[in-house]
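Here is a short note for a colleague new to this entry. Please have the coordinates open while reading.

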Amino acid sequence: MNARPHTAESLHASFVDGSATAAEICEASLARIAARDSELGAMLALDADRARARAAALDALPDRRLAGPLAGVPVAVKDNICTAGLATTAGSRALERFVPPYSATAVERLERAGAIVVGKTNCDEFAMGSSSEHSAFRPIRNPWDPKRTPGGSSGGSAAAVAAGFVPAALGSDTGGSVRQPAALCGCVGIRPTYGRVSRHGLIAFASSLDQIGTLSATVRDGAALLQAIAGPDSRDATAARVDVPEWTAAIDRSIPRCRVGFPRHLLDGGVDAEVAGAVDAAVSALAALGADVRECRLAHADVAVPVYYLVATAEASSNLARYDGVAYGHRTPREGGLREMYERSRAEGFGAEVKRRIMLGTYILSAGYYDAYYLRAQQARARIADDYRRLLEDVDLIVLPTSPTPAFRLGERLQDPVAMYLSDVFTVGASLAGLPALSLPCGATRGGLPIGLQLVGRPFDETALLRVADAYERSAGGWRYDPSGSGRRGRA
Ligand code: GLN
């Protein structure tokens with residue numbers, strides 16, 4: 001096998017036509033991880049034995065065509081998504097020794113489709129962060145420039161795809177954690193509509209915002225993964241009973257008649273000039289492909305970050321109350337009374353960012369401050385959702401940057417939480433409104449760092465996002481990482 005990055009589609013095709021065995025594909029993935037992950041830190045637990053056993057079972061099937069739409073495809077899973085029998089830490093010391101007795105619905109469905117989970121990906125602790133530096137275990141490096149962050153919190157999944165360890169991975173997106181790392185690592189990231197994918201088995205951060213999403217090298221691969229994991233689930237009451245369209249079939253070469261809203265005013269303040277230039281050029285390219293592009297305004301965009309951080313921390317403070325060291329999770333080894341045991345277990349188990357958020361969230365929900373902060377944030381959230389809803393009556397989708405800057409240097413925003421939080425300025429809006437959103441590569445800086453373009457669509461209309469993104473990707477040629485080392489970047 002050559003070293004060029006493969007897509008899930010091409011790997012599955014070579015498994016089906018017999019030009020590669022699942023075992024060979026799986027070994028190639030494990031070999032790439034072994035060769036480079038000590039540098040990048042994208043992976044946590046590896047599941048090599050089970051992956052090999054699953055590959056052997058697939059190879060033993062009498063008819064490979066019946067093995068499922070993702071048969072033979074190696075995938076990685078963010079470490080806040082439960083995998084039966086395989087450590088799931090959420091990047092936290094609090095869950096360092098937690099081995100879930102069950103798999104998340106999304107993982108179960110991926111495996112049913114024939115995918116092979118090779119391991120878990122490193123992430124910010126409890127998915128709280130935008131740089132993956134809040135992992136309790138190790139920071140992650142960006143494969144494009146190891147001095148820089150891959151973004152976060154699904155930075156391990158994005159780095160694993162960008163470095164060619166796996167063609168696709170699962171991540172989770174609460175306020176941008178799939179889209180922002182996808183942008184910074186030059187891959188495709190999909191946050192589905194809230195309710196499109198079951199959250200059963202996803203370790204909760206902020207339940208009204210959390211969604212499992214996909215990271216992949218191509219739009220088609222993202223569609224294939226989403227196809228496998230989407231749909232109702234009796235184990236998650238918020239998993240919507242909405243039919244799942246045939247996305248892989250819906251993608252074609254032309255942009256269907258499509259109206260695109262472009263809030264160009266958002267590019268005016270605080271956006272890196274090269275990012276703004278690339279997004280502008282991408283919007284022109286969409287117009288050249290036949291999209292009807294209209295300028296529009298997102299009126300409350302400036303309050304989205306504070307509103308998100310109020311809602312998300314409030315929900316996190318409640319969700320993380322369960323890590324008390326009793327039923328599971330880190331328990332202090334030091335002697336003491338019950339109260340000391342709780343205090344020490346939590347003080348030792350959580351890192352600084354998680355503690356900051358629990359304190360902020362508890363404060364916001366406390367009597368006397370609830371109305372001033374939490375309630376007002378909920379009202380502002382409704383306004384933001386309303387802005388999107390009204391805009392999306394006139395256009396099929398909205399296009400904006402994914403991240404205001406390309407990948408920043410490790411350490412650069414670590415001492416300044418507000419600067420870190422502002423990384424999410426363009427992603428939190430779709431999260432608060434529960435809308436599907438996708439990030440895909442739209443070029444690179446002169447220094448060779450990827451730039452992401454974000455598309456936001458109507459509820460449950462992932463189809464429009466995928467079709468437009470696929471058409472753009474074909475015309476622009478995408479922007480891929482080439483781990484062979486012969487030129488670090490190239491048009492796909
Ligand atoms: N960066 C955002 C935060 O820190 C989003 C995280 C996420 O989507 N999980 O909360």
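1. Start with the ligand. It has 15 residues around it, and Thr174, Gly175, Ser177, Tyr308 and Arg357 come nearest. A residue counts as near if one of its heavy atoms lies within 4 Å. This is a predicted model: local features need pLDDT of at least 70, side-chain atom pairs need 80 or more, and totals for chains, interfaces and linings use all residues. Residues are numbered from 1 along each chain as its sequence is written, and side-chain values use heavy atoms, with hydrogens and water left out.

2. By class, the shell around the ligand has five nonpolar, seven polar and three charged residues. Here Asp, Glu, Lys and Arg are charged; Ala, Val, Leu, Ile, Met, Phe, Trp, Tyr, Cys and Pro are nonpolar; the others, Gly among them, are polar.

3. Look at the polar contacts (pairs of N or O atoms within 3.5 Å). A ligand nitrogen is 2.8 Å from an N or O atom in the Ser130 side chain. Alone, the ligand exposes 290 Å², and the protein buries 100% of that (Shrake-Rupley, 1.4 Å probe).

4. Which space does the ligand take? The second largest cavity, judged by more than half of its atoms lying within 2 Å of the grid points. A cavity is a set of points on a 1 Å grid, over the protein atoms alone, where a 1.4 Å probe fits but cannot get out; lining residues have an atom within 4 Å of a point.

5. The lining of the second largest cavity has 14 residues, with Gly129, Ser177, Tyr308, Tyr309 and Asp424 closest to its centre. Domain 1 (8-265 + 392-488) and domain 2 (301-380) both give residues to this lining, so the cavity lies between them.

Definitions and conventions: 1 Å grid on protein atoms, 1.4 Å probe; cavity = no way out; pocket = protein on both sides within 12 Å on 5 of 7 lines; lining within 4 Å. Domains from an automatic or database assignment. Polar contact = N/O pair within 3.5 Å; in protein donor to acceptor, adjacent residues only side chain to side chain.
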